[in-house]
Amino acid sequence: MKIQALKKLDTSKIDLSNVWVDVGTSGDGMHAANWLALEENPFVIGVEPNTKNIQDLQKGVWPNIPSGVKYLCSNKQEVHLDGKYHSSYREDNFVLIEAAIDDVKDQVQKAKFYCTSELNTGCSSLLQPTDKLEVPVKSVENVDVCSLEYVFDSLFGDKLNLIRFVKTDTQGNDFNVIKSLGKYLNRVIGIQCEWNTFDCYRDSKEDPYDLVHYMVHHGFKLVIADDSDMFFLNKNIKIEVSENRAENVFLLPTGFGPLGNKFVNIEDLKLI
């Protein structure tokens, strides 16, 4: 769905207490697929600007998906697993927005989007890759860009008071995705944010201290982090997150909490 069509979508029957957001859905949509398979009557918003990824999401591409990972076949309103049908969802449970997200307030803009090759289309980004990425750019496209605040305003007016989860994986631009939530940030229960792309993109803002300070300032607590992602919970929204739910629904690593080894020791950040 194009950005321009969002305001025409009938959201009157959507459960506004069960909204999930997958920014950077890529070609498998594993987070969106997991929520659609495990949650009762969710409304999942996927955001993806890469045309090849959108086509793969629609068709359900396998065996490119790792074993044991659910993925979308949105043309059939189905979730698949290991090349087989897993479950179905209603058409109004999922919307895929063909756009990129950035901190552009209430404007819809055009921007260059660097589409990487089929070696890994998930490395595509608004930011230009550096030589460290080692995945070639196949094409540079002009894509629609908007904020998450604009998406929610367009879909719901100002009626959306709770967002279950926001996952963002946009290859170096994720802090801007978080900022683009605007007035909706404090309505989000949980956020998973990629914070480190290992200098693979130009002009990426990936200082973990800046990100954590920003989130803590807005009432969030950093609960787990590894060498590429951070997971935050809103301290002002009272909800229990069991270890089982964290692993199965939020797709967190086994063992909910600071883990050591490759995982960042949160206490070392001295920010919570």
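Which residue is the bridge partner of Leu81 in strand 5? The partner of Leu81 is Lys84.

## Basis of the model

This is a predicted model, in which local features need pLDDT of at least 70, side-chain atom pairs count only at pLDDT 80 or more, and totals for chains, interfaces and linings use all residues. Residues are numbered from 1 along each chain as its sequence is written, and side-chain values use heavy atoms, leaving out hydrogens and water.

Strands (E, at least two residues) and helices (H or I, at least four) are DSSP runs numbered from the N terminus.

Strands count as paired if DSSP finds at least two bridges between them. Strand 1 runs parallel to strand 2 (residues 43-47), joined by five bridges; Val19 has Phe43 as its bridge partner there. Four bridges link strand 1 in the parallel sense to strand 10 (residues 163-168), where Lys167 is the partner of Asp22.

## The sheet 3-4-5

Three strands in the order 3-4-5 form an open sheet with antiparallel pairing. Its edge strands, strand 3 (70-73) and strand 5 (84-88), each pair on one side only. Strand 4 (residues 78-81) pairs with strand 5 over four bridges in the antiparallel sense.

Helix 1 packs on this sheet, touching strand 3, strand 4 and strand 5 (contact: heavy atoms within 4.5 Å).

Definitions and conventions. Axes are lines fitted to C-alpha atoms, for helices over the stretch in contact, and angles run from 0 to 180 degrees between N-to-C directions.
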